[in-house]
Amino acid sequence: MVNTLLRDSRSLATLAVPLVLTQLAQVALSTTDTVMTGLLGTTELAAGGLAVVIFNQLRTMGVGLVTSVGNRIAAAAARAEQQPDEDEDKDTGNHGEVRAIVRASLAVATLAGAAGAVLMVLIGQALSRLGQDAAVVGLARTMLYALAPGLLPCLWFQAVRQFTVGMRRPQALLRITITSIAVNAGLNWVLIHGTLGLPRLGLSGVGIATSAVHLLSFLALYFSARRDRELAPLLSLNIAKADPRVIRDLVGLGVPIAATYGSEAGFFSLTALMAGSFGPDALAAHTAVNQLVYIVFQVAVGLSHAASINVSRELALGHHDDARRIKNTALACAAAVMAVVGVLYVTIPGLVLAPFLDSGTGQALALATHLLVVTAFLQFFDCAQNIGVGLLRGLDDTKGGFRITLVGYWGVGLPAAWLLAYPLGLDTLGIWLGLLTGLATTAALLLRRYTRSLGRRAAAADLPATA
């Protein structure tokens, strides 16, 4: 039993660790933009923040559209291992299925990126009608125009990323992402201040640098995959030959994932507005703790993706018991990490909060310290529900995951947060207890659905043998 757990943990970690580190590096990338923008002034920081919120919302939805690609690739690759093609260059058979998915994913990414870029421009033109400060609107609009072209290579990168993850070869992702942090910081500085003979672009320079980094990251990942002997024969950029049926399948799986991502983002955004109703100290404490949750959440994202890919692979091979163990292994790894993080929250809260509230008021720091106690438990459920979404994605059950998150976030979590914060008078602490309630409910429902769905699949697979 112990040996099996260790073997499963190593298999999960091989895929999860590079993904976790890549997610954390991407957080550092966005943090660099925020720091550089803040150096320009308060108005620029507000405008940049507004533009980035719009870009991130559209980017997140676009990423959701291609997230299932990794699962489809993993299943097709597993089938190809069982029945290898005689000619790996042909567009038929199991390796041909992988190439078809890659082409379709790039077609979906292209359509989503182009539509998102146009939408960013239109939103930029409409900002003045949304009651925002005129100076902020003008700067935010120019940054949105600079960010819009970067959405296309950003989603191309995500499509190729899902291909490498599905093939269980994600190692280049971390190197490329870490390098992009340094490149982004350098380009930001050069374009903002106009060094090396270039014009001084200010805030729009941040947007241009970000778009350039997205393009360079995509090219770096593409050429890295082309140098990989296993990946190169399967990587096809010929979207003109994309199969409409495969595109429809990916969109059908991707739309609920995109909606799930958007729903979760909206859930947390609304709680921030609720916290702001209790004053600036409450909002500052909420923001600081929420940023900590976001950073640690990247561990959940890595574990979720790794578990999801492994489930798709094991089911393609007919290994239902292995797929069942993946859930337990992922949750055990999550519990171990969150336990360590929780101990840090409870024992050294001042040190944990120092980067965010070092210059804040004593009241904000005291409130954030209390919130950390709740967060020590909340983060396990947050991680568990994200793993649950990934596990269901491994079953191609993206619609079920979306429906459950709607119930957990909006049907349970938000009403609980309102009840505890306002009628019961717990204020910001009540909001976070409501968040915990919603995430715990979501996690329980997702994991139950996965267990039952997997059981039904296993029973159906056994029917021919017992008939």
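**View 1. Ile 348 sits in the loop between helix H11 (320–347) and helix H12 (349–357).** Helices here are DSSP runs of H or I with at least four residues, numbered from the N terminus. At 34% relative accessibility, Ile 348 is partly exposed, a label between buried (under 20% relative accessible area) and exposed (over 50%), using a 1.4 Å probe and protein chains only. Thr 369 is 21 residues from Ile 348 in sequence, and their C-alpha atoms are 9.4 Å apart in space.

Before you look further, a note on the model. It is predicted, so local features need pLDDT of at least 70 and side-chain atom pairs count only at pLDDT 80 or more, while totals for chains, interfaces and linings use all residues. Residues are numbered from 1 along each chain as its sequence is written, and side-chain values use heavy atoms, leaving out hydrogens and water.

**View 2. Helix H10 covers residues 280–316.** From first C-alpha to last, its 37 residues reach 52 Å, close to the expected 54 Å (1.5 Å times one less than the number of residues). Look for the kink of about 30 degrees centred on Val 296; the bend is the angle between axes fitted to the seven residues ending there and the seven starting there. Because 27 of the 37 residues are buried, H10 is largely enclosed by the rest of the structure. After H10 comes Gly 318, with a positive phi near 80 degrees.

**View 3. Phe 223 lies in helix H8.** Its relative accessible area is 44%, so Phe 223 is partly exposed.

Technical notes: Helices (H or I, at least four residues) and strands (E, at least two) are DSSP runs, numbered from the N terminus.
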